[in-house]
Every structure is written in C-alpha cells, then in structure tokens.
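Reader: Could you walk me through this chain before I start on it myself?
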Amino acid sequence: MQKPTEHPNLPIVAPNSLILGVDPGTAVTGWGIVQLTTRGARFVGAGVIRTKSADPLESRLLTLSEGLQIILDTHQPVIAAVEEPFFGENARSALVLGQARGALLLTLARKGLPVSSYSPREVKRAAVGNGAATKEQVAFMIGRILGLSPTPDGKPFPNDATDALAIALCHALRCRISN
C-alpha cells in the first residue's frame with residue numbers, strides 16, 4: 001500500500017491509530033481494522049457479525065449493534081469508515097439495509113467516533129484501481145496489500161470482512177498522520 005497522501009484537507013490522525021471499516025448488511029456485516037503507520041497500513045483484525053434470518057428485524061439490528069460494540073470495546077479504533085449502500089432495484093432490500101446501516105452508525109456515534117462514508121466504487125478504486133472490480137478481485141488485493149494468510153482454520157477471510165478491510169484502507173489513504 002502506498003503511504004497516505006499529504007493534503008491539507010484530509011483527516012489528521014495520530015501515528016499508529018486504528019481505523020475501523022464497516023460493510024453493513026442485515027444478514028452479515030463485515031468489519032476490518034487497520035493500523036495507520038508512517039509506512040502505510042497494517043492488518044489488526046477482521047471478521048463478520050451474523051444475524052439469524054428467522055429473527056425479527058429489531059432483534060437483528062440489536063445483534064448488529066451489540067456485535068459492533070464488542071469490536072469497539074475490544075480494539076478501541078479512533079475513526080471509522082462505513083460503506084454507503086448500493087441501491088439496486090429492490091426498494092425493500094434498500095430500506096432494510098438502510099436500517100442496518102443506521103443501527104451501526106448510531107453505535108459508532110455513541111462511542112464518539114468520527115465516521116466517513118464511501119461508495120462501493122470509491123472503495124474498489126482505492127483497493128484495486130478499478131471501481132467496477134469484483135469481490136474476488138478486492139479480496140485478492142486486500143490479501144496482498146495487508147499480507148493476509150487464511151484464517152487459523154485454513155479458510156480465507158469472508159468477502160464481507162475483506163470488503164470492510166478495503167473500506168478501512170480506502171479511508172487510510174485519505175488520512176494524514178499528525179507529527
């Protein structure tokens with residue numbers, strides 16, 4: 001990964017700050033954390049928060065919020081980036097995704113974290129150099145950039161987790177490290 005760009009309008013963070021990336025979803029929400037150093041970004045952690053499809057929506061939103069709260073308490077990131085929703089043709093899906101994103105944003109706000117939002121195209125462009133990249137291309141590049149190995153059980157990281165890491169990296173590229 002290239003070093004963060006020096007620009008006066010970019011967010012300023014302390015050296016070694018942790019940046020949280022969140023890929024919202026009602027069934028699966030991905031999260032990823034990178035540490036921003038003077039040499040680029042370093043992998044800290046990633047995973048997913050899963051909800052039960054049989055549960056009512058309000059229970060699923062609570063599960064997402066509580067899961068994110070555990071991640072915030074465990075890792076103590078100082079800034080967050082959340083992917084903006086992609087609105088396809090299904091209005092109901094877009095509404096439910098918006099509710100999940102809202103629950104996650106509220107959790108971040110309660111923790112006092114500054115939050116930036118990025119479109120899927122911006123994230124893909126930052127990670128792969130192509131705003132129309134596939135999930136597989138994003139996962140491959142994130143693995144290369146962060147030196148990811150498969151998880152301890154030998155499986156690759158879930159796409160939702162690598163998407164969240166891409167969101168965190170996208171934001172890392174837009175931050176300046178304070179002196």
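Author: What follows goes through the confidence, the sheet and the charged pairs of a predicted model.

Reader: What is the mean pLDDT of the chain, then?
Author: The mean pLDDT of the chain is 87, with 89% of the residues reaching 70 or more. Among the elements, helix α1 has the highest mean value, 97, whereas strand β7, residues 176-177, has the lowest, 70. Over residues 1-8 the pLDDT stays under 50, and for that stretch the model has 20 contacts beyond four places in sequence.

Reader: OK, and how many helices and strands are there?
Author: The chain holds 5 helices and 7 strands, and read along the sequence they follow the pattern β-β-β-β-α-β-α-β-α-α-α-β. Of the 179 residues, 46% count as buried, and among contacts between residues at least 6 apart in sequence, 67% join residues at least 24 apart.

Reader: What is the strand order in the open sheet?
Author: The open sheet has 5 strands in the order β4-β3-β2-β5-β6, and the pairing is mixed. Strands β4 (40-50) and β6 (115-118) stand at the edges with a single partner strand each, so one side of each has no neighbour in the sheet. On average, neighbouring strands are turned by 20° against each other, direction ignored.

Reader: Which way do β3 and β4 run?
Author: Strands β3 (residues 28-37) and β4 run antiparallel and are joined by 10 bridges; T37, for instance, has G40 in β4 as its bridge partner. Helix α1 (residues 57-75) packs on this sheet, where it touches β2 (17-23), β3 and β4, and its direction makes about 150° with that of β4.

Reader: And β5, how many of its residues are buried?
Author: In strand β5 (residues 79-83), 5 of the 5 residues are buried, so the strand is largely enclosed by the rest of the structure. Both of its faces are covered, with I79, A81 and E83 buried on one side and A80 and V82 buried on the other.

Reader: Which strands does β5 run parallel to?
Author: Strand β5 runs parallel to β2, to which 4 bridges join it, and also parallel to β6, again through 4 bridges.

Reader: Switching topic: how many salt bridges does the structure hold?
Author: The structure holds 2 salt bridges. Side chains of opposite charge can pair when their charged atoms come close. In one of the pairs, K111 meets D73, with the closest N and O atoms 2.9 Å apart. This pair links distant parts of the chain, since K111 lies in the loop between α2 (91-110) and β6 while D73 belongs to helix α1, 38 residues apart.

Reader: How accessible are K111 and D73?
Author: K111 counts as partly exposed because its relative accessibility is 33%, and D73, at 42%, also counts as partly exposed.

Reader: What about D163 and K135, how far apart are N and O there?
Author: The side chains of D163 and K135 meet in a salt bridge with 2.3 Å from N to O. D163 sits in helix α5 (residues 159-172) and K135 in helix α4 (residues 135-146), 28 residues apart, and this pair too links distant parts of the chain.

Reader: Is D163 buried or exposed?
Author: D163 counts as buried because its relative accessibility is 9%, whereas K135, at 38%, counts as partly exposed.

Note on methods: Residues numbered from 1 in each chain as written. Predicted model: local features only at pLDDT ≥ 70, side-chain atom pairs only at ≥ 80, totals over all residues. Heavy atoms only, no water. Helix = DSSP H or I, 4+ residues; strand = E, 2+ residues; numbered from the N terminus. Buried < 20%, exposed > 50% of the residue type's maximum accessible area, 1.4 Å probe, protein only. Contact = heavy atoms within 4.5 Å. Pairing = 2+ DSSP bridges. Axes fitted to C-alpha atoms, helices over the stretch in contact; angles between N-to-C directions. Salt bridge = Lys/Arg side-chain N within 4 Å of Asp/Glu carboxyl O. pLDDT = per-residue confidence, 0-100.
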